[in-house]
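This briefing sets out what can be read from the model that follows, grouped by topic. Please keep the sequence and the coordinates at hand while reading.

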Amino acid sequence: PKVAAGFFVADHTHSRLNAVDTSAAAPLGFLDPDVIRNISWNPDGTALIVEALSDGVPTLWRVPVDPVSLRWRTPERLTTAPASAGGAAVSPDGTRVAFTSAQASTRAWLFPFDANSGRLTGDGRALTADDISIVSLRLAADGSALIYGALEAGRKEFRLFHTDLTTGSTTFLADAF
């Protein structure tokens, strides 16, 4: 039989490869390149814990698996953004999953300094929100504005922003791909 979507796993007992039907995971994007990070079986071989990127955020899913046909059933999402989830470990009895979770951001800061002495002259202030990660940034030649690209949790594309450094106001410019 032809497998609609999937991959092969080794069956060492019978020295053959078995097709795994993952079509139930296809609508969730599990089969896109670089999405699946790690897969762990539960002890009785009836489910997988899949670490996958979901809109750019590492998440955990439980995927029931038919132990005979190896067909994936409808995946169940275990974690959600904004924090990432990874390093999953299934308990020996299969009733619990332990994992690490982290939320990180990369912010732009402005510090006043004396260029002649190379010393700070005051406290710094954050120019960007703490729930985003800066992808790139450019300072205007006259130092009056900052333009930056940022990734937000739960979004695949980054967004472009302009911050006026004299007023502190930030304007959304565009979504970028």
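D66 has a relative accessibility of 23% and therefore counts as partly exposed, a class that lies between buried (under 20% relative accessible area) and exposed (over 50%), with a 1.4 Å probe and protein chains only. The model is a predicted one, in which local features need pLDDT of at least 70 and side-chain atom pairs count only at pLDDT 80 or more, whereas totals for chains, interfaces and linings use all residues. Residues are numbered from 1 along each chain as its sequence is written, and side-chain values use heavy atoms, with hydrogens and water left out.

**Salt bridges**

- The structure holds three salt bridges, each defined as a side-chain nitrogen of Lys or Arg within 4 Å of a carboxyl oxygen of Asp or Glu.
- D66 forms one of them with R73, and the closest N and O atoms are 3.4 Å apart; R73 is partly exposed, with a relative accessible area of 35%.
- A salt bridge also joins the side chains of R62 and E76, at 3.0 Å from N to O; because R62 belongs to strand β5 and E76 to strand β6, the pair ties together parts that are 14 residues apart in sequence.
- Both partners of that pair are partly exposed, E76 at 38% relative accessibility and R62 at 29%.
- R159 and D175 meet through their side chains in a salt bridge of 3.0 Å, N to O, and this pair links distant parts of the chain, with R159 in strand β15 (residues 158-164) and D175 in strand β16 (residues 170-176), 16 residues apart.
- D175 is partly exposed, with a relative accessible area of 36%.

**Strands and sheet**

- The chain has zero helices and 16 strands, where helices (H or I, at least four residues) and strands (E, at least two) are DSSP runs numbered from the N terminus.
- An open sheet is formed by four strands in the order β3-β4-β5-β6, with antiparallel pairing, and strands count as paired if DSSP finds at least two bridges between them.
- At the edges of this sheet are β3 (36-41) and β6, each of which pairs on one side only.
- Strand β5 (residues 57-64) runs antiparallel to β6 and is joined to it by two bridges; W61 stands opposite R77 in β6.

**Surroundings of T79**

- T79 sits in the loop between β6 (76-77) and β7 (84-90), and this residue is buried, with a relative accessible area of 8%.
- Leaving aside residues up to four places away in sequence, T79 touches T59, L60, A85 and F99, a contact being heavy atoms within 4.5 Å.
- A polar atom of the T79 side chain lies 2.9 Å from the backbone nitrogen of L60.

**Surface and whole chain**

- W109, F111, F113 and L120 form a nonpolar surface patch that together has about 470 Å² of accessible area; patches are made of residues with over 30% relative accessible area and no salt bridge, with like charges joined within 9 Å and nonpolar side chains (Val, Leu, Ile, Met, Phe, Trp, Tyr) within 5 Å.
- W109 belongs to strand β9 (residues 109-110) and counts as partly exposed at 46% relative accessibility.
- Of the 177 residues in the chain, 28% are buried.

Key: Accessible areas come from the Shrake-Rupley method with a 1.4 Å probe; for residues, only the protein chains shown count as cover. A polar contact is a pair of N or O atoms within 3.5 Å; within protein, one must be able to donate a hydrogen and the other to accept it, and residues adjacent in sequence count only if both atoms are side-chain atoms.
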